[in-house]
Amino acid sequence: MTFSPDDRASELRDLFFESAEEILQAMNDAGLALEEHPSDKESLRSVRRAVHTLKGDSAACGYRELSELAHELEDVLTPDLVKEHAGLIAEVVLTAADTFRDMLAAYRSNLQPPDGGALREYVQRLLHQPASAGRGRPSEEATATFSWTEYERLLIAESFRRGETVYQVALHLASEAVLPAAAYELVKKALERAGKIVALRPENSGDLVSGGLLEAALASTKPADWIRKRCQVPSVVAQISVNRIPLMETEPRDVLDILVESEAAAVSASVAGQSADPGEIEEEDEAHLSSAPTGLAHAVAENTLRVDAGRIDTVMNLVGELIIGKSMLQRTIAEFERRFAKDALRGKFSDALAFQSRILNELQKSVMKIRMVPVEQLFRRFPRVVRDVAKHLNKEIALEIAGQNTDLDKSILDALAEPLAHLIRNAADHGIETASERAAAGKPVNGTVRLDAYHEGDQVVIEVSDNGRGIDREKVIRRAIERGLMSATDTSRMNESEINHLIFTPGFSTAENVTEISGRGVGLDVVKSALDNLKGSIEIETESGKGTTFRLIVPLTLASIQALLFHVAGRLYAVPISSVVEITRITEAEVHRVDDHEVFQLRQQVLTLVRLERLESTEKFERSKRVFVVVIGAGGRRFGLAVDRLMGEEELVIKALEDQLVTSPLVSGASILGDGTIVLILNIPAVVSHLARIPAVGATA
Amino acid sequence: MDKDIQIVGFRIGRETFGLPIALVREIVRVPEITSVPNAPDYIEGVINLRGRIIPVVDLRKRFGEKVIEASKRNRIVVVELESRAIGLIVNSASEVIKIPPSDIEAPHSVFQEGELNYITGVGKFRGRLVMMLDLSKILQRGELRRLEDAAESAAVATDNMARV
């Protein structure tokens, strides 16, 4: 397989974005740790590692702004400086993570990145507050070291790549030169006239002293002598040496090579290898070694594959086909056995089929396992979310996390990211009271938000709970009526759970004040619609003064579901078995009409009866005296689904009805049974809201 | 001399329509069709095409025919459009027709107006007219002009061509 340079570059960028996510996560983690223990050396090291890797990788991808900012940050993250500004460091790291994330997002969509002003300000503050004496590059010794940082080496390598000749220029300032800062500018101008400055040390005019040394890497097309003459600034420059940097042995280089072979090792050998400051080398080496496990090189070399999720989906689809194929085969063999009861081939057929089924089962499990990832991947983002909300609102909130090893299908996990973040922000913002309120209520001042995940049968439950004030149902009702979402009569008929679920109605928000954190015009309804899309559900448990628990229940995988099959009006439908509460039979006489709805009584409860044949609503069907009713629980509501004939339970391999010609909100997918029949899988929430709009037959009479 | 264009011809009502053979994947008998609630009227439903679920459009309904009689000769022409497979129900699929490009006329301006723009050309084959369909237009949502109008316009168009 060959790649064009473009392919490689874009592949490299994809890799970069992916690994950058991890790097940012590491920064966030370390930032939070530093907030707790500002002197935590390990965390600081991990931040430096992260910034360092980000710097190199982004430079290789051509994201100069990011790379430069990372470079600036890396410079100030020295242990000395950090010790001095212990109080500031966590904030700097977290701000940096945010800034980098914004920049990455901009790069990803090919936009001009933000300039990261807030971060720059921090960096400046770190630099300019009285720093320790050791700060600054060793410019006091007058011998040229050319100990370029790795970033500068990368820049030099870049110049080489473009086919430029690069010189190392060492300029000794005359000891009698006054105003070294002005001298610096003069020399810099001279250098600029002589060629293109790739790197210059010291970087700031203020760091240059009389009699000091100025080092530069200069890309130029002119010969060394010409450059020397150009830079001869009378009475400022005492001595000049110009040396051409030898060409790299590893030509032709490209960005990927630079990354993969331990970054600029080759460059450093020829550039900095002359006589570098031993301390500097050690530091760089440490950075090299430690960057390996998180860097891109790692992603390429390690025994882990990053595979496009689409490829796994393809395999999963094929396995689905095989399962359908298997049930076709099963039927055919059953038929064969009936017809040729005495044939010797029968046994062989069943053996082969059993063998094939077993392998197929294994195959399905293995493929599903590939898609499974621990929920920790998602959970680890949330300490930062809680911390930000808490800080913003001046609350003390601890986040407890449990069950982070619970596995879940990657696509489901991804789809849960937004809703979960929303619920967590909501819990921290609206759930947890202010410290004074808590004290007044006799509760510990520190609030707790708890995140938990566990398996329950074929489903995964994720809980977001807080020990805050709980949902005020009176307020919810008032708000719902105020917003015109419900009428007073509607709400009077609702049970507690239904009232709780009102908060998921679009256009509902109980926050008295629209806050920056959770009141951004997006309500909890996005949580609900996300769960609907996943064929999941939400339960709410709340107790006034004690707190609220949101329970998100999602299927383990989106590839297949255990479903109940039934016929309505000659059509075959299926619903996820997880949504079925019970199955009962009633007679037509037991069906009553209340307002526009048909209802029936089940034990103590009055439930709405939904007739699927009314989805078409044109034809009239003969009704049998007794009907089966499948009682469905969805979003805190229960209702009965009238069905003609129950067909039993079956595992269905879900095929999406992707074609926009047939997409219908009422149907969430389809599946093919062993005999080739197509069964439509109902989208329960959509069916309910759709039918609610159609008045019952005869209701107007 | 240009090569003959190969066209899959099929009948809807009394008219012959055609699609370039490259677009047609196969022609199958009409299997059991599962209707989808709330889908547009002209969507008959979905069929199981060897493990693939594909939507089926009834071209007869699409062209506004009122009475549709199911017959054993009815076929589903499975077309592939932008990697989507779609079935088209037709009265009968006749044959593969070879027409030299010179015998296909660009649609008369009548066809380019309004809803009739789903005809891309009119071919002449053994004294019959074969109307070439623009699949993407047919599969757009929305109404199409009645079939009779299409046939009429085709006749007018060829009349004009003959006169010129």
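In what order do the five strands of the open sheet in chain A stand?

Tutor: Happy to! Please keep in mind that this is a predicted model, in which local features need pLDDT of at least 70 and side-chain atom pairs count only at pLDDT 80 or more, while totals for chains, interfaces and linings use all residues. Residues are numbered from 1 along each chain as its sequence is written, and chains are lettered from A and ligands numbered from 1 in the order in which they are written.

The order is β20-β12-β13-β22-β21 in chain A, and the pairing is mixed. Helices (H or I, at least four residues) and strands (E, at least two) are DSSP runs, numbered from the N terminus; two strands pair if DSSP finds at least two bridges between them. At the edges stand β20 (645–653) and β21 of chain A; each has a single partner strand, so one side of each is left without a neighbour in the sheet. From one strand to the next, the twist averages 35°. Angles here run from 0 to 180 degrees between N-to-C directions, and axes are lines fitted to C-alpha atoms, for helices over the stretch in contact.

Strand β12 (residues 560–568) of chain A runs antiparallel to β20(A), and eight bridges join the two. One bridge to find on your screen links A:S560 with A:V653 in β20(A).

A residue is buried if 20 or more other C-beta atoms lie within 10 Å of its own, exposed if 12 or fewer, and partly exposed in between, with C-beta atoms placed from the backbone. The partner of β21(A) is strand β22 (residues 678–682) of chain A, and they pair in the antiparallel sense over five bridges. Among these partners, A:V667 sits across from A:L682 in β22(A). The two strands form a hairpin with five residues between them, and in the turn A:G676 has a positive phi of about 90°.

The contact between the chains takes 18 residues from chain A and 16 residues from chain B, where two residues are in contact if their C-beta atoms, placed from the backbone, lie within 7 Å. On the chain A side, α14 (309–339), β21 and β22 each supply at least two residues. β21(A) gives the most, with three residues. By class, this side has 11 nonpolar, two polar and five charged residues; Ala, Val, Leu, Ile, Met, Phe, Trp, Tyr, Cys and Pro count as nonpolar, Asp, Glu, Lys and Arg as charged, and the others, Gly among them, as polar.

In their contact, α14(A) and α15(A) bring together 15 nonpolar, five polar and four charged residues.

And what of the partner chain? Chain B has four helices and 11 strands, and buried residues make up 37% of its 164 residues. Strand β1 (residues 5–12) of chain B pairs with strand β2 (residues 15–20) of chain B in the antiparallel sense over six bridges, and B:I7 is found opposite B:P20 in β2(B). This hairpin has two residues between its strands, and B:G13 takes a positive phi near 65°. β2(B) pairs as well with strand β11 (residues 128–133) of chain B, in the parallel sense over three bridges; there, B:G18 stands opposite B:M132.

Finally, return to chain A for another sheet. Six strands form this open sheet in the order β14-β18-β19-β17-β16-β15, again with mixed pairing. Its edge strands are β14 (580–587) and β15 (592–594) of chain A, each pairing on one side only.
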